[in-house]
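Hi everyone, thanks for coming. I'd like to walk you through a structure that may be new to you, so please have a look at it with me.

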2 protein chains.
Amino acid sequence: MKNRITIVDVADEAGVSKQTVSRVLNNRPDVAIETRQRVLEVIERLGYKPSAVARSLTRQRSFTLGIVTAGLKYIGPSQTLNGIADKAEELGYALLLTELPSFETKDIQPIIDSLITRQVDGIIWAVQEAGENRAWVEDQVINLPVPIIFLTMAERENLTIVAVDNFSGAKMATQHLIERGCRKVGHITGPLDWWESRQRKAGWEAALKEAGCKNSYPHWAEGNWSSRSGAAAFETLLNKYPDMDGVFVANDQMAVSVLQIAHQRNLRIPQDLAVVGFDGIAEAAYFWPALTTVSQNLQELGRIAVKEIVSMIDSRREEREIEPISILLQPELIVRQSS
Amino acid sequence: MKNRITIVDVADEAGVSKQTVSRVLNNRPDVAIETRQRVLEVIERLGYKPSAVARSLTRQRSFTLGIVTAGLKYIGPSQTLNGIADKAEELGYALLLTELPSFETKDIQPIIDSLITRQVDGIIWAVQEAGENRAWVEDQVINLPVPIIFLTMAERENLTIVAVDNFSGAKMATQHLIERGCRKVGHITGPLDWWESRQRKAGWEAALKEAGCKNSYPHWAEGNWSSRSGAAAFETLLNKYPDMDGVFVANDQMAVSVLQIAHQRNLRIPQDLAVVGFDGIAEAAYFWPALTTVSQNLQELGRIAVKEIVSMIDSRREEREIEPISILLQPELIVRQSS
DNA sequence: ATGAAAGCGCTAACAC
DNA sequence: GTGTTAGCGCTTTCAT
């Protein structure tokens, strides 16, 4: 470690100044072809690797993206991260990852500081909007020294956002149930302090309304995304809505519990009760019966986020600030036996 | 950005030299109490944050861990990452994350270089051993300038490894089936070029052998971890082993397909066929019927990895190299209705 | 207890 | 084309 090879070692060995080596490293045109050859040969022979840290310091940029996430143990966030990692690698950016201890973490200042301090060129806030976890945005974002992009949150002025169109996905799901002949479509929501849950619930309501469903009081119950909560919510819902003939469940994890309980109660699916989930997890096709679901492409979400943040970084460097935009990805309905 | 506040700004404002500010930052004892107060006040007032990059450069350490992973879109790797993130945060380390394009990525030199170049203090190789993806280890690890720890791979001399005891977990699962009265226990394996798959298969075989199971040719079929492959493998296995009365499936994703197909064929579970999975995913309790499974605590795996690598980093700094060790975590059998 | 000088490894600005 | 001189923002000697 003492003998870490530096640009000076290469310069000495090649008999040039370190400036020339630097030029070679950065592919500058103004180096004699044979000098370049010699330097490259020495670099190769010595196994020299330029220090990214020193570079970050002088260039004031690191080719590193700060990623803030939460709930990695769930499948959604890690799918998104997968897409982010993929695109970042492609565009030559490294990833500095921070996971919030909870979705509702309030104290984000130290997180931001830690990223800024490490010279990230941009930040992707990949935490779903829930409760008050966006309260900081108004004050803080303004004076951030680097661009930031938000995933999965409601549109807000002056912010760049990428999200899935949950409203439209939920509406599709519900319309599908109605087309299948369901007249009484219940809904199991996610936690209602989550933006996504509210959007999905609104989509379900909108579809019922448009279809002019007679039942003047549609019924729903609230879960918290977990299978366990889905089971409880479904029991509740069945009690208040015994003649329900279809149910739109806000995620696949909760939907799997619905299937289990339906079996326990000898409800036939889809004859007695049609079920549609949301997310499109890979296992859904192998539930019993195979689950109809609204599939969202979270990897694509992550990829787009990287693409956007990089273009924000580039344009800020060129002093032409880019207009904030909101991008909405369309989910897709996958029909299977459960409906 | 021009006016990023530096240590010099603080020094000037406080009327001291930057060394004194540096001392305050690093909690050195040799600063007059009132000078310290004054400096701290200025730091606060100016909102100064020391540059982690500049620090990394001079101290030759970054308090950053390089994490290499693969298959983030699957639940296992992200659970592990969750544990890593949790413990790293606790110990004050940031995470530089790289995801390999595939489990079998051969060309790891650029990955390692990229991490070293960014001054990571240590590396956690969180990619499961599969195929030839450990071939590089022999040559490369020796001359790495930083400590490295491997997750989920076979023991190897001179390497520090943390893994789950797959053999023992599989054996437990199989013994459980035998105790339940199964005489003909089949197995659906993961891809057999994976170390974990081979270990689980070996555990299953060992249990059958110990139980003195009459059937001289136990039967198995190979899957690739996905639900889809599990379905195909189960069909194959049923054909060659029609009187099978129990099946140990190498992961829960494939087990869910086994349940589906069993229902399609009107096999009663567990009466006609008892099923045990592996992994302990949260949804398993809500399959139909609820799935017995071997639960592995991957978050704990991640946490331990961080703890170990940090202690390797610390001891290397103190010039006392630590002995490589292998740590095996015991999984846990969770019995439910499917057996 | 505090400051001056040197240096971490590199790039930018300006010579020549 | 290539070298020299300054930094980037911090820590580390070594003085005082």
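Before we start, one definition: two residues are in contact if their C-beta atoms, placed from the backbone, lie within 7 Å. For directions, axes are lines fitted to C-alpha atoms, for helices over the stretch in contact, and angles between N-to-C directions run from 0 to 180 degrees. Please also keep in mind that this is a predicted model.

With that in hand, look at helix H5 of chain A, residues 75-91. Helix H5 lies across strands S1 (64-70), S2 (94-100), S3 (122-126) and S4 (148-151) of chain A, together with strand S2 (94-100) of chain B. Relative to S1(A), this helix runs at about 175 degrees.

Now let's step back to chain A as a whole. Chain A has twelve helices and twelve strands. Its C-alpha atoms fill a box of roughly 85 × 40 × 35 Å along the principal axes. The radius of gyration is 26 Å, whereas a compact globule of 339 residues would have one near 20 Å. Of those 339 residues, 48% count as buried. As for contacts between residues at least 6 apart in sequence, 75% join residues at least 24 apart.

On to the sheet. In what order do its strands come? This is an open sheet of twelve strands with mixed pairing, and the order is S11(A)-S5(A)-S4(A)-S3(A)-S1(A)-S2(A)-S2(B)-S1(B)-S3(B)-S4(B)-S5(B)-S11(B). The edge strands are S11 (326-329) of chain A and S11 (326-329) of chain B, each pairing on one side only. From one strand to the next, the twist averages 20 degrees.

Let's zoom in on two pairings. Within chain B, strands S1 (64-70) and S3 (122-126) run parallel and are joined by five bridges; there, B:Val68 has B:Trp125 in S3(B) as its bridge partner. Between the chains, S2(A) and S2(B) pair in the antiparallel sense over three bridges, and A:Leu97 stands opposite B:Leu95.

That brings us to where the chains touch. How many residues of chain A are in contact with chain B? There are 45, and they meet 45 residues of chain B. On the chain A side, the elements giving two or more residues are helices H4 (52-59), H5, H6 (109-117), H10 (227-240) and H11 (252-264), plus strand S2. The residues on that side divide into 24 nonpolar, 15 polar and six charged.

Technical notes
Residues are numbered from 1 along each chain as its sequence is written. Chains are lettered from A and ligands numbered from 1 in the order in which they are written. This is a predicted model: local features need pLDDT of at least 70, side-chain atom pairs count only at pLDDT 80 or more; totals for chains, interfaces and linings use all residues. Helices (H or I, at least four residues) and strands (E, at least two) are DSSP runs, numbered from the N terminus. The radius of gyration is taken over C-alpha atoms; the globule rule is 2.2 Å times the number of residues to the power 0.38. A residue is buried if 20 or more other C-beta atoms lie within 10 Å of its own, exposed if 12 or fewer, and partly exposed in between; C-beta atoms are placed from the backbone. Two strands pair if DSSP finds at least two bridges between them. Ala, Val, Leu, Ile, Met, Phe, Trp, Tyr, Cys and Pro count as nonpolar, Asp, Glu, Lys and Arg as charged, and the others, Gly among them, as polar.
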